[in-house]
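Hi,

Here is the structure I promised to pass on. Please open it first, then read my notes below.

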Amino acid sequence: MVVELRVTLSLSQDELRNTKDLLRSVTERLAATENDMEDVKKDTAAQHTDLTIMKTEVMNLKMELSASETEVEELKTGHAAQEAELTAVETRLIATETKVENLEKRITENPKVAFSAGLTNSGYIETGKTDLNLVFTKIITNVGKAYNYMNGYFTAPVKGVYYFRFTVMDVLAGFMEIRMLKNGQHVMHLKEYDAYGQYSYLSSGVTLQLELGDVVNMRLPPGHKLYDDSNNHSIFSGFLLFSL
């Protein structure tokens, strides 16, 4: 009986030791589990913090995206306005270029022609029994070189409408006369009578349509005189109004 009790006691002690060992093992595992739980909690808290930060970053990114979209829309609006302004400028440029081309064309088609010439510095010029071609030798203006001061003829450089004007003077009593011719044909014949022998002027003008190469000149009828000096009392002038 005693032997059985000893055996039983020995078994109980062994079981107790085993139980203690098991309990120690469980305790250690529990402690490890608790540590793991703490680590998990820490990781979860860190992840929660990271999640919060990520949410904040996402919100910031959404705000930046919205701002960027607004800026893009503003840029699109500004670009459209710039395109409209550019189109308007291009239209104005085309219109200006067209005006310049038309002006250049007009300048090319309408050469500059104008002249004025005084008769002489020698005083009287007179005729005998025949008329005299008047040569206005003192060039004042001769743009286009259409007037020839050597023979007194104006030669039309282009077909067009021209205006001619003259003024002549005499200081002797009696009739003063002057004629204008186009291609040798009569255009006008003017007379002025001075009964007292004072300064007397005869002046007139006319518009003529001329073909290329037509000539215009002034002639003094037979038995008449004209006077001129450095004061240019007697002048012959003309200019192109427009070409045809």
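Keep in mind that this is a predicted model.

The whole structure holds 11 aromatic pairs. In one of them, Phe115 and Tyr147 are stacked, because their planes sit at 5 degrees, with ring centres 4.8 Å apart. Phe115 belongs to strand β1 (residues 114-118) and Tyr147 to the loop between β4 and β5, so this pair ties together parts 32 residues apart in sequence. Phe115 is buried at 2% relative accessibility. Tyr147 is buried too, at 3%.

Phe154 and Phe164 make an edge-to-face pair: centres 5.2 Å apart, planes at 75 degrees. Phe154 is in strand β5 and Phe164 in strand β6 (residues 160-170), 10 residues apart. Both are buried.

Separately, Lys225 lies over the face of Tyr124, 5.6 Å from the ring centre.

Now the surface. Phe239, Leu241, Phe242 and Leu244 form a nonpolar patch there, with about 370 Å² of accessible area together. Phe242 sits in strand β12 (residues 235-243). Its relative accessible area is 41%, which makes Phe242 partly exposed.

Last, the backbone. Lys145 has a positive phi, near 55 degrees, though it is not glycine. Lys145 is in the loop between β4 (138-143) and β5 (154-155), and is exposed at 68% relative accessible area. Asn232, also not glycine, has a positive phi near 55 degrees. Asn232 lies in the loop between β11 (225-228) and β12. Asn232 is partly exposed, at 27% relative accessibility.

Best wishes

Technical notes. Residues are numbered from 1 along each chain as its sequence is written. This is a predicted model: local features need pLDDT of at least 70, side-chain atom pairs count only at pLDDT 80 or more; totals for chains, interfaces and linings use all residues. Side-chain values use heavy atoms; hydrogens and water are left out. Patches are made of residues with over 30% relative accessible area and no salt bridge: like charges are joined within 9 Å, nonpolar side chains (Val, Leu, Ile, Met, Phe, Trp, Tyr) within 5 Å. Accessible areas come from the Shrake-Rupley method with a 1.4 Å probe; for residues, only the protein chains shown count as cover. A salt bridge is a side-chain nitrogen of Lys or Arg within 4 Å of a carboxyl oxygen of Asp or Glu. Helices (H or I, at least four residues) and strands (E, at least two) are DSSP runs, numbered from the N terminus. Buried means under 20% relative accessible area, exposed over 50%, partly exposed in between (1.4 Å probe, protein chains only). Rings of Phe, Tyr and Trp (its six-membered ring) pair if their centres lie within 6.5 Å; planes under 30 degrees apart count as stacked, over 60 as edge-to-face and the rest as tilted. A charge sits over a ring if NZ of Lys or CZ of Arg is within 6 Å of the ring centre and within 35 degrees of the ring normal.
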